[in-house]
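Q: I'd like to learn how to read a fold feature by feature. Can we go through one together?

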Amino acid sequence: MPEVSVTDLGHDLYLIDAQMHDEAERLACYLFDTPNRVLIECGPSRTLDHLYRALDHVGVDDLAVMAVTHIHLDHAGGAGHLARRFPNAMIGVHAAGARHLVSPERLWDSATRIYSAQGMLDLWGPMEPLAENRLLVLDEGDAIPLGNGRAVEVMHTPGHAKHHIVFFEERTGACFVGDAVGIAFPHGHMVQPNTPPPDFDPILITEQLHRIAARQPAFLGFAHFGADPRPQATLARAEERLWEWVRWIEQVTPDDNIAELLRDWVLNDYRAQGYEEALIDRYDRNSFWPMQAAGIERWLSLRDQ
Ligand SMILES: [Zn+2]
């Protein structure tokens with residue numbers, strides 16, 4: 001793992017490897033080093049030091065806004081800490097997620113049920129409540145100014161989470177998709193659904209994939225991980241793959257091992273498609289299979305009620 005990993009994407013936009021879990025290519029943050037500096041995603045508190053080192057390296061001593069695509073801990077867990085480190089920064093978040101950053105107890109408790117108390121500390125580190133006056137509450141159609149006439153536009157994209165938003169920027173043609181599309185390693189040419197409970201809804205996700213495609217972005221900025229220069233192909237593949245997963249879960253008999261079965265099916269399919277073992281391992285380690293299976297099962301059971 002290099003000391004810092006910052007990639008210049010042009011037009012004052014930088015991709016920062018936040019080295020989440022002390023590993024390369026687990027979480028990408030995106031920085032607009034513009035008159036009003038805007039950072040997209042901060043990651044969990046446990047590995048914020050990696051992000052701070054990268055920001056120091058680029059010469060960033062102040063941020064106007066740090067905006068998260070959604071409040072899951074791998075994106076926003078460190079928001080309260082970051083607000084303390086950058087006292088002028090406003091923290092951008094969708095209206096439906098904002099209260100969970102101000103009072104993180106409920107978010108913390110529901111994540112603890114998934115990861116266990118020890119897992120929470122090992123993976124994410126603590127959350128600090130964000131002062132209400134630091135919130136920049138965002139919704140569909142809002143714009144975060146970058147200066148020099150540029151802005152980051154906000155689109156509300158529920159489906160992965162109710163409060164998920166994505167960001168567009170016209171000059172770069174970037175669309176920062178968070179987890180709205182899935183996870184994708186650009187050199188891997190595949191995209192994998194990300195289907196956690198309680199909000200996962202493939203119908204809503206499909207709608208968002210179409211809306212993102214209609215904006216014709218030049219590239220997708222994945223949180224996990226990096227810039228994908230073939231957005232239309234990736235968005236189409238994401239939709240196909242999403243429904244393949246849902247249909248697969250639908251046809252298995254409910255079983256305690258459903259997460260393990262899903263994992264075997266997905267990874268064996270990657271092997272059959274000829275992907276290298278190292279790449280397959282990367283998708284595997286970026287997936288928490290019990291959560292993927294539980295999200296789809298929950299959606300199916302609500303649908304069938
Ligand atoms: Zn994520």
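A: Helices (H or I, at least four residues) and strands (E, at least two) are DSSP runs, numbered from the N terminus. Keep in mind that this is a predicted model, where local features need pLDDT of at least 70, side-chain atom pairs count only at pLDDT 80 or more, and totals for chains, interfaces and linings use all residues. Residues are numbered from 1 along each chain as its sequence is written.

Q: In what order do the strands of the open sheet come?

A: The order is 8-9-10-11-14-15, so to speak a row of 6 strands with mixed pairing. Strand 8 (143-147) and strand 15 (226-228) are the edges, each pairing on one side only. On average, neighbouring strands here are turned by 25° against each other, direction ignored; for such angles, axes are lines fitted to C-alpha atoms (for helices over the stretch in contact), and angles run from 0 to 180 degrees between N-to-C directions.

Q: How do strand 1 and strand 2 run, parallel or antiparallel?

A: Antiparallel: 4 bridges join strand 1 (residues 6-10) to strand 2 (residues 13-17). Gly10 stands opposite Leu13 of strand 2. This hairpin has 2 residues between its strands, and His11 takes a positive phi near 50° there.

Q: On to helices. How do I judge the span of helix 7?

A: Take 1.5 Å times one less than the number of residues as the expected span. Helix 7 (residues 202-214) has 13 residues and reaches 18 Å from first C-alpha to last, close to the 18 Å expected.

Q: Which residues of helix 7 are buried?

A: First the cut-offs: with C-beta atoms placed from the backbone, a residue is buried if 20 or more other C-beta atoms lie within 10 Å of its own, exposed if 12 or fewer, and partly exposed in between. In helix 7, the buried ones are Pro202, Ile205, Gln208, Leu209 and Ile212. They span an arc of only 115° around the axis, which puts them on the same side of helix 7; the arc is that of the directions from the helix axis to the C-beta atoms. Turned away from that side is a face with the exposed residues Ile203, His210 and Ala214.

Q: What covers the buried residues of helix 7?

A: The cover includes strand 10 (165-169), strand 11, helix 8 (231-251) and helix 11 (289-303). Contact here means that the C-beta atoms of two residues, placed from the backbone, lie within 7 Å.

Q: Which residues have the most contacts inside the largest nonpolar core?

A: In general, nonpolar side chains tend to be buried together in soluble globular proteins. A nonpolar core is a set of buried Ala, Val, Leu, Ile, Met, Phe, Trp, Tyr and Cys residues joined through C-beta atoms within 7 Å. The largest one here has 78 residues, and Cys29, Val38, Cys42, Met66 and Ala79 have the most contacts inside it. Leaving out residues up to four places away in sequence, Val38 touches Phe32, Ala64, Val65, Ala67, Ile144, Leu146 and Val152.

Q: Is Met120 buried or exposed?

A: Buried, because 21 other C-beta atoms lie within 10 Å. Met120 sits in helix 6 and touches Ala111, Thr112 and Tyr115, again not counting residues up to four places away in sequence.

Q: Which residues does a cis peptide bond with omega about 0° join?

A: Pro197 and Pro198. Pro198 is in the loop between strand 13 (191-192) and helix 7. The bond from His224 to Phe225 is cis too, with omega near -5°, and Phe225 lies in the loop between strand 14 and strand 15.
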